[in-house]
Amino acid sequence: MQYTGKMVTQTTHKSRTTHTWQVWALYIVLTANLSEEQTLKKACPSCDATQLCNCSSMGLDFIPPGLTDKITVLNLAHNRIKHIQSQDLQQAVNLRALLLQSNIISSIDDDSFSSLGKLEILDLSNNSLAYLSPVWFEQLFSLQHLHLQGNTYWELGESSPFSGLRNLSSLHLGNPWFSTIRQRNFEGIEVLQKLWIEGGNLSQYEAGSLRPIKRINHMIINLRNATVFSAVLMDLLYSVTWLEVREIKLEIEKKSFVQNSTLPFRLQKFTFKDAFFTDQYVTRILLLLKEITSLQELEAIDCVLEGKGAWDTTEIKRSGESFVETISIINIMIPNFHLFFDLEGMESQINKLKSLTIASSKVFMVPCNLAKHFSSLLYLDFHDNLLVNNRLDETICKNAWPSLQTLNLSQNSLKSLRQTANSINRLHKLISLDISQNNFGEIPDVCTWPKTLKYLNLSSTQIPKLTTCIPQTLEVLDVSANNLREFGLLLPLLRELYLARNQLKTLPGAAPLPNLVAMSVRRNNLNGFSREEFESFKKMELLDASDNNFICSCEFLSFVNHQARIAQVLVGWPEQYLCDSPLAVRGAQVGAVQLSLMECHRSLVVSLICSLVFLVILILVAVGYKYHAVWYLRMTWAWLRAKRKPKRAPAKDICYDAFVSYSENDSDWVENTMVRELEQACPPFRLCLHKRDFVPGKWIVDNIIDSIEKSHKTLFVLSEHFVQSEWCKYELDFSHFRLFDENNDAVILVLLEPIQSKEIPKRFCKLRKIMNTKTYLEWPLEEEQQKMFWGNLKCALQS
C-alpha cells in the first residue's frame, strides 16, 4: 500500500508539472501574439481589426509582423522595404491584394508567397528585382493581375516564371534594361485580357516566344528595334485582338509582316501612341498593314508626322483596297500642317471606310474631291480643329459624304449658325449633329436642316435664345450652357431635352413637348416646381433638376414628400437636391426638411391671430360697454388730477357744511326729513345735494369733486339701496378715495337701516374699514330717540 501511494504521488506530481508547462507555453504564445499585434498597430494603425490594411508611405523598411487572416488587402507601397522573408506573410492566408510597388525590394525568399493561395492582385512594380524566380509564383493559383514593370531584371530566365498562373488575366512587365525574351518565357499562359511589355531596349526576341499565349485581348508594347518589332508582330497576328505600339521611332523593313503566315488572323485593331512618322514611313506602314486582312480599326494618338502628306499614292493604290473600316487620329502634330497636300490619289483607300475621327489635329478643311469618295462613311468626328464656315462649305460640298449619319464639329471656329445649317443641309442622310462649343453668338429665326436630323447638340454656343431655327424633326436636343432664360419651342417628336447650366426659373411647358421622356435642368435658377408642372409631363421617366437653389416652401415640400414617383424620376435624388432657403434649412436635403405649422401656413396663422385679437377687442368693448369701463377710466383720470390739487381747500372756498351722498331710493328721507331738520335749525346748516346744487351741464364726477372740496364735511346716508345703487357704483368711487385719502374725520356715516360691514361691496374697502374702526350714527325708529340723533348729527357737523 505504501508503494502504491508513492506511485500515485509521483504520477500526480508529473501531471501537475506537465500542466504547468502547458500553461507557460500558452502564456508565451499569447504574449508573443499580443506583442506582434501591438507592433503591427504601432507600425500601421489602419491594420487594427480591419480587412483593408493601408500602410503606404509610412517609411517602413520591413513588413510589419502580426498580420492575421482577417486582412484581405495589404498596401505597403511607397516604403523602403528591401527584403521579403518567409514568415512575413505566412499568417495572411486570406489576402486578396498585395501592393508592394515603389519600394527598394531586391530579394524575396522562395516561399514568401506560399501561403497566399487566394491572392488575386500582386504589384511588385518599381522595385530593384534583378531576376524573377518561378518559385515565387508557384502557389499563387488564384492570381489574376501581376505587375512587374520598373525593376532591374534584363530577362525572364531560361524558362517561364508564370507557368503556374492558370488564372492570370493581366501581366505588366519590362523596364529600361529589359533586353531579352526567350521562347519558353510565356509557357503556361493561354489567355490574357491585357499584356503590357515595356521593351524600349528589347534587342533579342526568339521567334515564337509569344505564341504559347493563344488569346490576348489588348497588348501594349514599347519597341524601337525594327527586327524585333517584325518578329513580335508575326507572333501576335493569331492571338492579339488589339495591338498598341508606343513610342515607336523606326524605319520599317520592306519585307512583309505576314510572309509564310496562314489565315485567319486575329488582329482587329492597331494603335500607334507617341509614335514618330515620316511620309515614307506612312506609305510603308500602310502597305504592310493592308496585308493583315483581319485589321478593321487603325488608331494614332499623340503622334508626330514629319512630312507634308507626300505619300506614294500610286503604290498604295496598286496594293489594292483597304480592309480598315475605322480610323482614329487624335492629337497628331504636323509641324508643317499648312503645307499639307490634299491627298489626291487616296480615293481608292477610303471608299470602304465607315468611321473617321480626326480630333485635336488642326484640320481646317477636307478637299471636296476627296470628300466625295467617302461613299460608305457613316461616322465623322472633326472635334477640336480649325474649321471655319467658309472652309466647312467646301468640306461639305455637293455630293460629299453621301452616306454620313453622324457628324461631330464641336470645338471648332464656326461663327454663323445660318451658314453652318446651309452646309449641313447637303448631308441628306444625317441623323446626329454635334456643333457644340462653337461661338455662334446669335441664332436666326429660320434655318434649313436635313429632314432626317434627329439629334442636335448646340450646347455652349453662346446663343441668347431659341427660335424656330431649331428643327421640329428632333428627338434629342442639347442646348446646355447658353444662359437661356426660357424655353417655349414646339417640338412634338422630342424625347430628350438637355437644358443644364442655363438661367431657367421654371420648367418648360409640357404641352409643346408631348413625347418628352428625359429632361435635364440641373444648375439653373429653379426655385422649385409644382405638382401640376411635374405631372403635366405624362411620359417623363427621368428628370435631372439637381444643383438648383430650391426654396423649400410648404407647397414644394408637401409635393416632393408625397409624390411616389419622385425617387424613380429625379436623377440624383435626394443627395443633390438641397434647400437654399429658408435660411434655417439652407444646405439641407429637400427630402429631409420638415417645416413647422407656422412656417407652412404663415398667412393662415396670421389671419387667425388677427381674428382672435379682433375678437378679444370686440369682447373687451362689449364688456366695457356693459360695465361702463369708460366711466372708470374717466374717474381714474379725474382722481389723478385731483391728487395734484392741495389737500384742503382754503376757508374762503368752503360753501357748504356738508356734502350729502345718498341713494336715490333714500331721497324721500334725505330731502323731506334730514334737509328740513338741518337747514331749518338755528343756526341753519347748508347742505349740498346733487339734485339741487350740482351745476347743470358739468360732468357729474367734476360736480362731485367740486362739491366735496367746497364742503366742510361729507355725509354718507348708508342703506341697502346705497351699497347696491348704480350711482354709488359709477359716480361716488372717486369721492371715497378722495375723502379717505385726505382726512377720515371729515366723514360722517349715517345708517338709515342696520347694515353689516361685510355686506358692503369690496370696492368700498375704506368705507368698510371706517365702519369697523369709527363710530357712526344710526337712525332710530322710535321718535323719542330721534331728537338725540339730530343733536348728535348737528354736533358732528359743527366739529
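A polar contact here is a pair of N or O atoms within 3.5 Å, where one must be able to donate a hydrogen and the other to accept it. The model is predicted.

**His83 and its surroundings**

By that cut-off, the side chain of His83 makes a polar contact with the side chain of Ser107, at 2.5 Å. The side chain of Asp109 is also in polar contact with that of His83, at 3.2 Å. His83 belongs to strand E3, which covers residues 83-84. Beyond its neighbours within four places in sequence, His83 is in contact with Asp88, Ser107, Ile108 and Asp109. Ile108 lies 25 residues from His83 along the chain, and their C-alpha atoms are separated by 5.9 Å. Because its relative accessibility is 30%, His83 counts as partly exposed.

**Strands around E13**

Strand E13 (residues 240-246) has 6 of its 7 residues buried. Strand E12 (residues 215-222) pairs with E13 in the parallel sense over 6 bridges, and Met219 has Leu243 in E13 as its bridge partner. Strand E14 (residues 269-273) also runs parallel to E13, joined to it by 5 bridges; here Leu243 stands opposite Phe270. Helix H2 (residues 226-236) forms a right-handed β-α-β unit together with E12 and E13.

**Disulfides**

The whole structure contains 4 disulfides. Three of these links are among those listed below.

| Pair | S to S distance |
|---|---|
| Cys44 and Cys55 | 2.0 Å |
| Cys368 and Cys397 | 1.9 Å |
| Cys552 and Cys579 | 1.8 Å |

The torsion about the S-S bond of Cys44 and Cys55 is about -100 degrees, so this disulfide is left-handed. Cys44 lies in the loop between helix H1 (2-43) and strand E1 (52-54), and Cys55 in the loop between E1 and strand E2 (73-75), so the pair ties together parts that are 11 residues apart in sequence. Cys44 is buried, at 0% relative accessible area, and Cys55 is buried, at 0%.

The link of Cys368 and Cys397 is right-handed, with 90 degrees about the S-S bond. Cys368 lies in helix H5 (residues 368-371) and Cys397 in the loop between helix H6 (389-395) and strand E21 (406-408), so parts 29 residues apart in sequence are tied together. Both Cys368 and Cys397 are buried.

For Cys552 and Cys579 the S-S torsion is about -90 degrees, so the disulfide is left-handed. The pair links the loop between strand E28 (550-551) and helix H9 (554-562), where Cys552 lies, to strand E29 (residues 579-581), which holds Cys579, 27 residues apart. Cys552 and Cys579 are buried.

Methods. Residues numbered from 1 in each chain as written. Predicted model: local features only at pLDDT ≥ 70, side-chain atom pairs only at ≥ 80, totals over all residues. Heavy atoms only, no water. Helix = DSSP H or I, 4+ residues; strand = E, 2+ residues; numbered from the N terminus. Buried < 20%, exposed > 50% of the residue type's maximum accessible area, 1.4 Å probe, protein only. Contact = heavy atoms within 4.5 Å. Pairing = 2+ DSSP bridges. Right-handed = clockwise from strand over helix to strand, strands pointing away. Disulfide = S-S within 2.5 Å.
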